[in-house]
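Student: Hi! Could we go through this structure together, one question at a time?
Tutor: Gladly! Have a look at it here, and then ask away.

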Amino acid sequence: MLFLILFAWLILPVTLAIVFAYFLSPMLQLFHKRLKLPSFISALLIEILMVIGLAVVLLFLATVLIDTLPVLKENLSEASSFIHIPTAIIIQIREQLFELFDIMLSKIFQSIQDIMQHLVEITIFIVAFYFALYETSRNRHWFFVYIPARFRKPIRNIFEEATTLFSYFISVEVRLLLITFALLSIGFYILDFSQPVGKALLVSICDFLPFLGIGIFLIPISIIFMTTGKIALGIQLLILFAVIQLTRQFAESMMWASTMQIRSVHAFILSAISLLLFGVAGIIISPFILLIAVKLQRHPIFASK
């Protein structure tokens with residue numbers, strides 16, 4: 001198993017293509033069996049939809065971020081006239097914040113450049129993703145033919161159990177993200193923000209962060225509004241943050257109550273550790289780490305008395 005994980009890491013673009021195709025199997029079945037489309041057309045359509053969808057979301061977020069940063073700079077400039085602290089300190093803080101904003105913008109363009117520099121890996125992923133989708137439309141477990149027959153069944157069982165657990169974890173997080181996005185969109189619209197949906201999408205991405213989550217954005221912004229004399233708007237943002245957090249916690253508890261496998265906080269921590277330790281390859285490894293955690297949790301040594 002360790003050898004397989006190491007090998008998967010070494011051929012990461014191909015591994016990601018196979019894993020993504022495996023998780024997209026239900027969509028493939030919809031195109032291939034329900035809509036009666038040939039396998040090669042189903043695979044091609046899904047890949048085109050995925051690429052276009054990802055590009056549209058990234059461009060939309062970049063546009064919203066570029067439009068939002070100047071507004072934040074302006075509010076920070078106004079805040080300096082309301083905060084009674086030494087001018088030198090204010091100037092230093094403002095310069096550091098402005099520098100941070102400039103770095104965020106440069107990171108966006110740097111990411112685009114990085115994509116171009118890794119053009120070979122991206123090309124391999126796109127081609128491998130198409131063939132993986134094509135094979136998955138006919139047989140979801142096609143890639144197990146590359147595993148020796150004597151190890152195929154136990155490894156397949158482990159893989160299926162791990163991907164099932166990981167799929168449930170991802171589905172919970174995505175549903176929570178959609179709830180956060182919907183509430184933010186409604187809240188920003190009521191507060192008469194420009195581009196409420198775009199700003200809500202940008203802020204809701206922080207929902208994956210532990211502890212504060214969207215508070216990373218909402219709390220500082222509400223403080224800025226209050227220090228610039230917009231006390232009512234700042235308080236309303238804090239109320240919106242509290243409502244979203246309470247709703248999210250209640251929904252999360254309800255979703256995870258339907259399974260006794262592993263608590264949400266443990267699943268998040270394990271997935272985060274896997275991503276931090278192994279980078280993008282952690283996406284592949286994290287389901288197996290979750291599975292190991294579940295097995296250990298059920299072991300008599302860790303069982304509650």
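Student: At what angle do helix α7 and helix α8 pack?
Tutor: This is a predicted model, so everything we say here describes a prediction. Helix α7 covers residues 149-190 and helix α8 covers residues 196-204. Their axes lie 8 Å apart, and the packing angle is about 140 degrees.

Student: Which word describes how α7 lies relative to α8?
Tutor: Start from the angle, about 140 degrees. Roughly antiparallel would need an angle over 145, and roughly perpendicular runs from 65 to 115. That angle therefore makes α7, relative to α8, oblique.

Student: Is the crossing of α7 and α8 left-handed or right-handed?
Tutor: Here we look at the sense in which the two helices cross. For α7 and α8, the crossing is right-handed.

Student: How many nonpolar residues are in the contact of α7 with α8?
Tutor: On the α7 side, the contact includes L177, F181 and Y189. Sorted by class, the contact has three polar residues and one charged residue, while the nonpolar ones number ten.

Student: Let's move to α3. Why are its buried residues said to be on the same side?
Tutor: In helix α3, residues 25-34, the buried residues are S25, L28 and F31. They are on the same side of α3 because they cover, around the axis, an arc of only 125 degrees.

Student: Which exposed residues does the face turned away from the buried side of α3 carry?
Tutor: Exposed here means over 50% relative accessible area. On the face of α3 turned away from its buried side, the exposed residues are P26, K33 and R34.

Student: How many polar residues are in the contact of α2 with α3?
Tutor: Helix α2, residues 12-23, has an axis that comes within 4 Å of the α3 axis, and the two cross at roughly 60 degrees. α2 and α3 are therefore oblique to each other. A21, Y22 and F23 of α2 make the contact with S25, P26 and L28 of α3. These residues divide into five nonpolar, no charged and, for polar, one.

Student: And how many helices does the chain have?
Tutor: Of the 305 residues in the chain, 34% are buried. The secondary structure comes to zero strands, and the number of helices is twelve.

Methods: Residues are numbered from 1 along each chain as its sequence is written. This is a predicted model: local features need pLDDT of at least 70, side-chain atom pairs count only at pLDDT 80 or more; totals for chains, interfaces and linings use all residues. Side-chain values use heavy atoms; hydrogens and water are left out. Axes are lines fitted to C-alpha atoms, for helices over the stretch in contact, and angles run from 0 to 180 degrees between N-to-C directions. Angles under 35 degrees count as roughly parallel, over 145 as roughly antiparallel, 65 to 115 as roughly perpendicular and the rest as oblique. A crossing is left-handed if the near helix is turned anticlockwise from the far one by less than a right angle, and right-handed if clockwise. Contact means heavy atoms within 4.5 Å. Ala, Val, Leu, Ile, Met, Phe, Trp, Tyr, Cys and Pro count as nonpolar, Asp, Glu, Lys and Arg as charged, and the others, Gly among them, as polar. Buried means under 20% relative accessible area, exposed over 50%, partly exposed in between (1.4 Å probe, protein chains only). The arc is that of the directions from the helix axis to the C-beta atoms.
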